[in-house]
Amino acid sequence: MGGQKKNPELQKACPVRDVLDRLGDRWTVLVMSELESGTLRFSEIRKRVMDISPRMLAQTLRNLEQDGLVKRDVYPTVPPKVEYTFTSLGESFYERVKAMINWAADNHDAVRAARERYVAPETHHAK
């Protein structure tokens with residue numbers, strides 16, 4: 001994630017960290033939630049995830065393709081037509097993530113209310 005360097009040995013030793021580092025970024029789940037409706041072009045995804053920059057969308061889609069979750073089809077037209085769709089692995093992942101998305105939607109008001117009520121504990125400095 002970000003510009004952090006990855007430790008290949010740590011990634012091999014911890015497959016959960018290796019996979020979730022990529023899939024737990026800011027944009028992956030939002031992009032995948034749009035692909036749930038079916039095959040989409042880059043511009044369609046960009047319109048649906050309004051606050052993502054073209055560069056970040058391209059990187060997110062590239063990462064999803066690299067991880068085998070999204071398939072990219074390029075059609076020889078002018079300009080080139082490029083479509084993105086879930087692979088079976090992507091569908092399998094999204095099936096599990098969808099429960100988290102539904103939980104977030106169902107509990108959004110409660111989470112926001114808890115944030116508003118929260119009072120940070122005072123910090124005590126040792127003297």
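This is a predicted model: local features need pLDDT of at least 70, side-chain atom pairs count only at pLDDT 80 or more; totals for chains, interfaces and linings use all residues.
Residues are numbered from 1 along each chain as its sequence is written, and side-chain values use heavy atoms, with hydrogens and water left out.

**Exercise 1. Threonine 60**

Task: Find the helix that holds threonine 60, decide whether threonine 60 is buried or exposed, and list what it touches.

Solution: 
- Begin with the element: threonine 60 sits in helix H5, residues 54–66. Helices (H or I, at least four residues) and strands (E, at least two) are DSSP runs, numbered from the N terminus.
- Next, check the accessibility. Buried means under 20% relative accessible area, exposed over 50%, and partly exposed in between (1.4 Å probe, protein chains only). Threonine 60 has a relative accessible area of 2%, so it is buried.
- Finally, look for contacts (heavy atoms within 4.5 Å). Not counting residues up to four places away in sequence, threonine 60 touches Trp27, Thr28, Val31 and Ile52.

**Exercise 2. The faces of H5**

Task: Work out how far H5 reaches, which of its residues are buried, and where they point.

Solution: 
- H5 has 13 residues and spans 18 Å from its first C-alpha to its last, close to the 18 Å expected at 1.5 Å a residue. The expected span is 1.5 Å times one less than the number of residues in the helix.
- The buried residues of H5 are Leu57, Thr60, Leu61, Asn63 and Leu64. Seen down the axis of H5, these buried residues fall within an arc of 160°, so they line one face of the helix. The arc is that of the directions from the helix axis to the C-beta atoms.
- Arg55 and Gln66 are exposed on the other side of H5.
- Now see what the buried residues of H5 pack against: helices H2 (15–23), H3 (28–35) and H4 (42–48), together with strands E2 (70–75) and E3 (81–86).
- Just after H5 comes glycine 68, with a positive phi of about 80°.

**Exercise 3. Charged partners**

Task: Say how many salt bridges the model has, and go through some of them with the accessibility of each partner.

Solution: 
- Side chains of opposite charge can pair when their charged atoms come close.
- The rule here asks for a side-chain nitrogen of Lys or Arg within 4 Å of a carboxyl oxygen of Asp or Glu. By this rule the count is 5 salt bridges.
- One of them joins aspartate 73 to lysine 71, with the closest N and O atoms 3.5 Å apart. Aspartate 73 is partly exposed at 24%, and lysine 71 is partly exposed at 42%.
- Another links glutamate 83 with lysine 81, again with the closest N and O atoms 3.5 Å apart. Glutamate 83, at 17%, is buried, whereas lysine 81, at 29%, is partly exposed.
- Lysine 81 also lies over the face of tyrosine 75, at 5.4 Å from the ring centre. For this, NZ of Lys or CZ of Arg must be within 6 Å of the ring centre and within 35 degrees of the ring normal.
- Glutamate 95 and arginine 96 meet in a salt bridge at 3.9 Å, N to O. Glutamate 95 is exposed at 59%, and arginine 96 is exposed at 57%.

**Exercise 4. A peptide bond**

Task: Which residues does a cis peptide bond join?

Solution: 
- The bond joins valine 78 and proline 79, with omega about -10°.
- Proline 79 is in the loop between E2 and E3.
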